[in-house]
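Notebook open, structure loaded. I'm jotting down what I look up as I go.

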Amino acid sequence: MTTDTESKSRETARSIRDPRVVGRGLLLVGAPFLLAVVLWIHPSAGNEPFAALSPVVDTWFLVHALLLPLFGLLGIGLYLLLSEYRGTVATVGRVGVAVYLVCYLAFEAIAGIATAVLIRESGDLTADQREGVAAAVDVVLTEPIDGVAGLLAVVGTVGNLVAVLAIAVLLRRSGAPLVPVVLLAGSPIALVAHGATPGATIGILAFCFGVAWLEFGWRLAD
């Protein structure tokens, strides 16, 4: 009978100087590290997002313009971690990655970039019109479950969690050490803490450290 572990294919000899290893490492470790840096400078929206973000709207826009591809690369990295496996658990993990990429990136585009554009363009509006924009921005950023954007964030985060859990199960079946596997949980934790510094940054750094341990410690030594 073929299991997820038995169907895993791995090179018997790998070198840290192998271009494939370097490229894989840049994607799996470098992208999350950059994501952690950008999350560190993420402005806080507070309880009144329109008022809080208006003075820093350019920073808000830049941060989310960077977060959009970096969150995408995070998803590609999760898919790469699953690419060596076959079976039910791996398939469930890939579905989780797809859900995360579609839903969370859509949320990021709405809550990050779209709100930045709204705030930017509200400068020339009348006071009444600005109040309407402020109300819309506040709903998007302070009522995460009630709106479409909030629902996308929740579903995307669940997809990320499913993918990480599948990866954890497969890695443990393959003999990976427990500590770095547990650190992968930093990815969904960071999504939940998105916008809250330093929680989101710490979560992604934990994920980054766990992947680095697995890639440049366990895999190369195996």
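Predicted model: local features only at pLDDT ≥ 70, side-chain atom pairs only at ≥ 80, totals over all residues.

Which helix gives the most to the nonpolar patch? I looked, and helix α1 (residues 19-40) does, with 3 residues. Residues are numbered from 1 along each chain as its sequence is written, and side-chain values use heavy atoms, with hydrogens and water left out.

**Entry: the patch**

I listed the members: Phe33, Leu34, Val37 and Leu205 make a nonpolar surface patch of about 350 Å². My patch rule takes residues with over 30% relative accessible area and no salt bridge, joining like charges within 9 Å and nonpolar side chains (Val, Leu, Ile, Met, Phe, Trp, Tyr) within 5 Å. The areas come from the Shrake-Rupley method with a 1.4 Å probe, and for residues only the protein chains shown count as cover. Leu205 sits in helix α9 (residues 199-221). I label helices as DSSP runs (H or I, at least four residues), numbered from the N terminus. Leu205 comes out partly exposed, at 35% relative accessibility. For that label I use under 20% relative accessible area as buried, over 50% as exposed, and partly exposed in between (1.4 Å probe, protein chains only).

**Entry: the core**

Next I went inside. The largest nonpolar core has 46 residues, and Leu35, Phe71, Leu171 and Leu184 are those with the most contacts inside it. Two or more residues come from each of α1, α3 (57-82), α4 (88-121), α6, α8 (186-192) and α9. Helix α6 gives the most to this core, with 10 residues. A core here is a set of buried Ala, Val, Leu, Ile, Met, Phe, Trp, Tyr and Cys residues joined through side-chain atoms within 4.5 Å.

I then checked the length of α6 (residues 148-173): its 26 residues should span 38 Å at 1.5 Å a residue, and the end C-alpha atoms are 38 Å apart, so the two agree. The expected span is 1.5 Å times one less than the number of residues. Following α6 is Gly175, with a positive phi near 95°.

**Entry: salt bridges**

How many salt bridges does the structure hold? I get 3, taking a side-chain nitrogen of Lys or Arg within 4 Å of a carboxyl oxygen of Asp or Glu.

Arg24 and Glu84 meet through their side chains at 3.9 Å, N to O. That pair links distant parts of the chain, with Arg24 in helix α1 and Glu84 in the loop between α3 and α4, 60 residues apart. Arg24 is buried at 10% relative accessible area, and Glu84 is buried at 14%.

Arg24 also forms a salt bridge with Glu215, where the closest N and O atoms are 2.6 Å apart. This pair joins helix α1 to helix α9 across 191 residues. Glu215 is buried too, with a relative accessible area of 4%.

Asp58 and Arg120 form another salt bridge, their closest N and O atoms 3.1 Å apart. Asp58 lies in helix α3 and Arg120 in helix α4, 62 residues apart. Here I find Asp58 partly exposed at 49% and Arg120 partly exposed at 39%. Shared partners join Arg24, Glu84 and Glu215 into one network.

**Entry: cysteines**

I ran the disulfide search with a cut-off of 2.5 Å between cysteine sulfur atoms, and the count comes to 0 disulfides. Are Cys103 and Cys208 buried or exposed? Cys103 is buried, at 14% relative accessible area. Cys208 also counts as buried, at 6% relative accessibility.

**Entry: contacts across the sequence**

Glu48 lies in the loop between α1 and α2 (49-53) and is exposed, at 55% relative accessible area. Its C-alpha is 9.0 Å from that of Val137, though Glu48 and Val137 are 89 residues apart in sequence. I also logged Ala135, which is in helix α5 (residues 127-142) and partly exposed at 40%.
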